[in-house]
Structures are given as structure tokens and as C-alpha cells.
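User: I want to learn how to read features in a model like this. Can we take them one at a time?
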Amino acid sequence: MWNKLESRLKQRQAQDLIRQRLTLESGQDTEVSVNATHYVNFSSNDYLGLASHPKMAETMISAVKRYGPGSGASHLVVGHSKEHNLLEEELAEFVGTERAVLFSSGFMANYGVLTSLFDRKDLLVQDKLNHASLIDGGRASEAKMLRYAHNDLNSLQRQLKHQVDTKIIVTDGVFSMDGDLAPLPEILSLAESSQSQLMVDDAHGFGVLGESGKGSLEYFELEQGRVDIYMATLGKAIGGYGAFVAGKSTLIEALIQFARSYIYTTAIPPVVAAVNREGLRLVQSEPELRQNLQDNIQYFKQLAEEARLPLMPSDTAIQPLMVKKSDAAIRISQSLRDRGLLVVAIRPPTVPENTARLRITLTANHTKAHIEQLIEAIKDNIQVIP
Ligand SMILES: Cc1ncc(COP(=O)(O)O)c(C=O)c1O
């Protein structure tokens with residue numbers, strides 16, 4: 001085993017694909033400290049800046065006095081608290097579904113849905129660029145899985161021709177490494193005309209998109225009830241941790257009874273549930289955060305277009321810069337770091353071969369000066385970009 005692992009690691013190193021963890025010495029924020037050096041952070045998913053919002057910290061401090069730090073057990077034993085219940089009720093009410101259930105992470109939510117609800121008579125049809133947790137859940141599911149070309153409705157339609165008990169289309173609402181949106185109105189029409197179900201993973205849309213932050217469906221003015229399974233995470237725009245699935249009562253009860261990644265794991269601590277509740281309140285009470293984020297996205301795009309940077313087609317907070325080669329992506333990322341800017345290079349296997357990129361993410365708390373600094377630094381590296 002050791003020889004095999006060492007040779008795999010060496011191979012990864014030789015291909016410029018080895019990952020290194022950054023160790024933050026500060027909290028997650030627009031400006032962070034790594035190795036005693038100060039950086040402007042363009043790599044977090046904390047789109048509204050809630051992870052560092054003072055009210056989140058205050059909520060945690062008062063909740064920890066009441067509940068302590070841990071949850072002590074899984075939900076079906078004695079780990080389920082009133083805070084979990086209230087959060088589930090508030091999430092369901094906010095998105096407009098009958099019920100919601102919390103999972104300990106988004107990975108576990110997606111995995112739990114796809115491995116517990118479908119059997120070998122069913123068909124999962126997934127976008128090729130769906131998040132790894134959906135793809136892994138699909139692979140582990142008893143159901144047959146087919147994939148369609150990214151956001152390609154013809155390709156999707158072809159996969160839906162199969163005659164099976166249940167067909168379920170699975171898509172990210174916002175694609176995590178590309179920042180583009182799934183064409184949900186068209187996908188929904190295809191789902192309805194082919195008697196298929198639809199699951200949307202809105203990890204990067206929830207809290208951010210739509211007038212009131214309800215996510216991708218609100219953005220497209222689609223009724224929540226038309227989507228069968230809605231999943232979103234709480235560790236991104238909400239600024240906390242965990243995830244939930246929302247939908248009809250039957251769906252939620254089935255997950256509680258059958259999803260092994262729900263049943264056989266420790267519940268997120270009640271203090272984290274309390275913090276998530278605060279995050280959800282802030283999403284509703286501070287809409288100016290979404291406006292700041294939108295302003296920052298527009299400003300970044302305007303400057304990037306003026307500088308003719310090869311941005312990918314995205315209107316969301318995820319604004320990747322396509323570099324293609326992994327070694328070039330690392331070089332630019334390092335050069336930006338030397339200028340106090342943190343932009344992580346995303347390489348295969350996270351993204352397809354020859355599509356390494358700098359995944360720039362904007363947040364509500366970036367200033368114009370931060371964005372100008374980033375654009376200037378990228379411009380000075382433009383010769384490295386093909
Ligand atoms: C689209 C998408 N789905 C699911 C997840 C997993 O969520 P979590 O980090 O809560 O496990 C992520 C990212 O982490 C994601 O980007």
C-alpha cells in the first residue's frame with residue numbers, strides 16, 4: 001500500500017496537481033492572515049460576509065452558554081435539539097416548502113438523497129459539471145446514472161428518453177467552479193414534459209440570488225413547489241455550517257428514515273444551528289449585503305472587460321479566470337499572493353483536464369480598492385494567460 005500511495009503522490013506532484021492547505025491565523029474574512037502575512041481574500045464562499053458578522057459571533061457566544069459546544073449524538077438518538085427544529089422550520093418557511101431537514105454537511109445531504117431514495121429501476125440524469133458530492137452519491141446509488149453535457153438541453157433531452165420507473169434530473173443551481181447558472185426554467189419544462197423529477201443543489205445560490213435571497217428559483221421567478229428536491233448549504237452565504245434538504249413532508253420523512261448519512265452521524269452542534277438561524281435572519285434583515293455583492297460583481301466585471309481578461313460567462317459571485325494549464329494557474333496564483341491577494345488555483349481533477357483556472361470569488365465586504373488592486377495584479381500577469 002505505501003509504495004502505491006507514494007507513487008500516486010509523486011505523480012500528482014509531477015503534474016502540478018498537488019494541493020497545499022493554507023493555514024489561516026485569522027477568522028474567515030475579506031482580509032485574512034496566513035504565515036503572519038496579510039492578504040485580501042478572493043477565495044471564500046462567504047458571499048455576504050456573514051462568517052465575520054458581529055451578530056453571528058454574539059449568537060454563538062450566548063448559545064454556547066446555554067447548550068455547550070457539542071451535540072453529543074445523532075439526530076435519531078439524543079442529538080436533535082430545539083435549535084435544530086426551529087432552524088428546519090424557519091428554512092422551510094423561508095424557501096416555501098412543507099418541511100426541511102438538516103444534514104451535517106452538503107456532501108452528506110447530496111449523498112444521502114441520492115443513495116436512499118432511488119433503486120435500480122430508477123434513473124439519475126446529472127449535469128456533467130455537478131458537484132462531486134452529487135456525482136459520488138449517484139455512483140453509490142442503486143439507480144442507473146447518466147450524465148448530460150454541461151447545461152446542454154438537447155443532451156439532457158436525449159438522456160430522458162429511457163423508460164424507467166422514476167427519472168430524476170439533478171443539477172447545481174449555480175456551478176461551483178464556473179459560476180454560471182443552470183437554465184432552470186427550460187430544465188423544469190423538460191422535467192415536466194418527460195414526467196421526471198427535479199433536484200436542485202443551490203449551495204451557491206441560496207442566500208445570494210433572487211430579490212430576497214431565496215436562491216436560483218427565486219432568481220428565475222419559479223415556484224418552489226415545482227422542484228421536487230431542493231438542497232442548499234449553510235456554510236457559504238449563510239456564514240455558518242451544515243446543509244438542508246427542503247420539499248414535501250413525504251420526502252423529508254423518507255430522508256429521516258432512510259438516509260444513512262443523516263442517521264449514522266453526529267448532529268451539528270445546537271450552537272451551530274443557532275448561528276445558522278442568525279445567518280438566515282441576516283439574509284432577510286440586511287438586503288443591502290446582497291446589493292453590495294451585486295455592485296462588487298458588476299464593478300469587477302466592468303474592470304475585467306476593460307482589461308480584456310478572459311473571464312468565463314458568469315454573473316454570479318464566482319468569477320473564474322480561465323488559464324488552462326495547471327502550472328500557469330499556480331504561477332499566477334503565487335504572483336498574486338506576492339502582492340497580498342489570495343486567489344486559489346483550481347486544477348484537475350476538481351475541473352476537467354486543461355481547464356485550470358483562478359476561481360475568483362467576490363463578497364459583499366470587498367471594497368472598490370480591493371477589486372482595483374486585484375485587476376491591476378492580474379493585468380501584470382496577463383502574458384501567462386493563453
Ligand atoms: C454545489 C455544491 N454542493 C455541495 C457542496 C458541499 O457542501 P458542504 O461544504 O456543506 O459539504 C458544495 C461545496 O462545498 C458545493 O459547491
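User: Where is Tyr111 found?
Analyst: This is a predicted model. Tyr111 is found in helix α5, residues 106–116.

User: Is Tyr111 buried, exposed or partly exposed?
Analyst: Read the relative accessible area. Tyr111 has 31%, so Tyr111 is partly exposed.

User: Which residues is Tyr111 in contact with, leaving aside its neighbours within four places in sequence?
Analyst: Tyr111 is in contact with Ser133, Asp136, Gly137, Ala140 and Ser261. For a distance, take Asp178, 67 residues apart from Tyr111 along the chain. The two C-alpha atoms are separated by 22 Å.

User: Next, the ligand. Which of the 13 residues around the ligand come nearest?
Analyst: Gly106, Phe107, Asp201, His204 and Lys236 do. Now look at polar pairs. A backbone N or O atom of Gly106 is 2.7 Å from a ligand oxygen. For Asp201, a side-chain N or O atom lies 2.6 Å from a ligand nitrogen. For Lys236, a polar side-chain atom is 2.8 Å from an oxygen of the ligand. Then check the area. The ligand taken alone exposes 380 Å², and the protein buries 81% of that.

User: How do I read a helix face?
Analyst: Start with the general idea. An α-helix has 3.6 residues a turn, so residues three or four places apart point the same way. Now the case of α8, residues 184–193. Its buried residues are Leu184, Ile187, Leu188, Leu190 and Ala191. Viewed down the helix axis, these buried residues fall within an arc of 160°, so they line one face of α8.

User: Which elements do the buried residues of α8 pack against?
Analyst: They pack against strands β5 (144–148), β6 (167–172) and β7 (197–201). Helices α7 (153–159) and α9 (216–219) are also packing partners.

User: What should I look for in the backbone angles?
Analyst: Look for exceptions. Most residues other than glycine have a negative phi, and most peptide bonds are trans. Ala36 has a positive phi near 60°. Asn151 has a positive phi near 55°.

User: Where are Ala36 and Asn151 found?
Analyst: Ala36 is in the loop between β1 (31–34) and β2 (37–41). Asn151 is in the loop between β5 and α7. Ala36 is exposed, at 72% relative accessible area. Asn151 is partly exposed, at 21%.

User: Which residues does a cis peptide bond join?
Analyst: Pro348 and Pro349, with omega about 5°. Pro349 is in the loop between β12 (345–346) and β13 (356–361).

User: Last, the record. What does the UniProt annotation cover?
Analyst: The unreviewed UniProt entry gives "domain: Aminotransferase class I/classII large" for residues 38–378. Over residues 38–378, the chain is 43% helix and 17% strand. The end C-alpha atoms are 18 Å apart.

Methods
Residues numbered from 1 in each chain as written. Predicted model: local features only at pLDDT ≥ 70, side-chain atom pairs only at ≥ 80, totals over all residues. Heavy atoms only, no water. Buried < 20%, exposed > 50% of the residue type's maximum accessible area, 1.4 Å probe, protein only. Helix = DSSP H or I, 4+ residues; strand = E, 2+ residues; numbered from the N terminus. Arc of directions from axis to C-beta. Contact = heavy atoms within 4.5 Å. UniProt positions renumbered as here; feature names shortened; annotations may be inferred. Near = heavy atom within 4 Å. Polar contact = N/O pair within 3.5 Å; in protein donor to acceptor, adjacent residues only side chain to side chain. Areas by Shrake-Rupley, 256 points an atom, 1.4 Å probe, with all protein chains shown as cover.
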